[in-house]
Amino acid sequence: MGTDAILTIAGVSKTYADGTKALEPVDLQINRGEIFALLGPNGAGKTTLISIVCGIVTPSSGTITVDGHDALTDYKQARRKVGLVPQELSTDAFESVLATVTFSRRLFGRSGHSGYIEQVLRDLSLWDKRHSKIMELSGGMKRRVLIAKALSHEPDILFLDEPTAGVDVNLRRDMWKLVHRLRAGGTTIILTTHYIEEAEEMADRVGVIAGGKLLLVEEKAALMQKLGKRELKLALVTPMDAVPDALAEWKPTLEDEGHTLRYVFDARAEDTGVPALLRAVEAEGVAFKDLETRKSSLEDIFVDLVGAKG
């Protein structure tokens, strides 16, 4: 773990006036320059957490430190470090793209005339639309404008809340290119998503959140490895009613109305148990017509974790 945390969230929770707990206390450190994915189903608390860090929602408890600034007591300085791309498209419909993005930049005390804005608009394929009114743009282009606004004041941390929900494939690809380019330039990126592939594709670390609780935070590779079980499936010639006693020590299970024998093992263990199990299957005279092994994906891991927590 790098000790250079750009964002520290300590004991941050949110309970609404009606007693609804949107977020159980969260402790999380985000390292400078990393891409962190907060993965969870809709309504898990992802947007609440991001909204608290960005100063839109007031936490019920806890502290947030953004690059040395307390987000509650030193709000202005902390907020200046942060760019947020929200989920919903709410942009001044009659303004032009250039005016909207320049206005956002000025809000944070940056000068309006800047080659930086041109660069951002070019990166987002918006430069030739700079004089268009936002109301004239397609949904995908409006989404690009939101990103441009979030980047307008050169933030150190960029939050992307469900960045590719309902977005076409081309925009998704452009966004990922942009994210990698921003990261190469030193920006720290935190994204929320319920798309597992997005977390798997992009992130250095993944946090899993469900029911307002942060269930775990892991390096992506370590998470895949730690929970990376493999499974062996034998397609049986004759279906079985029960696992024969001779195979009990491997604890295999029957699936597909007894047509499939499934055995789960740790691919990294010195003794996976697979050769011995196959020998025992043969000795028992169990015939199978096909054999396949597969590795857990982040998807399986996620389902396991969230399933385990109800």
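G273 lies in the loop between β13 (260–266) and α9 (274–283). Helices (H or I, at least four residues) and strands (E, at least two) are DSSP runs, numbered from the N terminus. This is a predicted model, where local features need pLDDT of at least 70, side-chain atom pairs count only at pLDDT 80 or more, and totals for chains, interfaces and linings use all residues. Residues are numbered from 1 along each chain as its sequence is written, and side-chain values use heavy atoms, with hydrogens and water left out.

Q: Is G273 buried or exposed?
A: Buried means under 20% relative accessible area, exposed over 50%, partly exposed in between (1.4 Å probe, protein chains only). G273 has a relative accessible area of 7%, so G273 is buried.

Q: How many Å apart in space are G273 and W250, C-alpha to C-alpha?
A: In sequence, 23 residues separate G273 and W250. Contact means heavy atoms within 4.5 Å, and G273 is in contact with W250. From C-alpha to C-alpha, their distance in space is 7.4 Å.

Q: Which side chain does a polar contact join to that of S13?
A: S13 sits in strand β1 (residues 5–15). A polar contact is a pair of N or O atoms within 3.5 Å; within protein, one must be able to donate a hydrogen and the other to accept it, and residues adjacent in sequence count only if both atoms are side-chain atoms. At 2.7 Å, the partner of S13 is S61.

Q: Which residues in α4 meet V97, L98, V101, T102 and R105 in α3?
A: Helix α3 covers residues 97–107 and helix α4 residues 115–123. On the α4 side, the residues are Y116, I117 and L121.

Terms used. Axes fitted to C-alpha atoms, helices over the stretch in contact; angles between N-to-C directions. Lists of a residue's contacts leave out its neighbours within four places in sequence.
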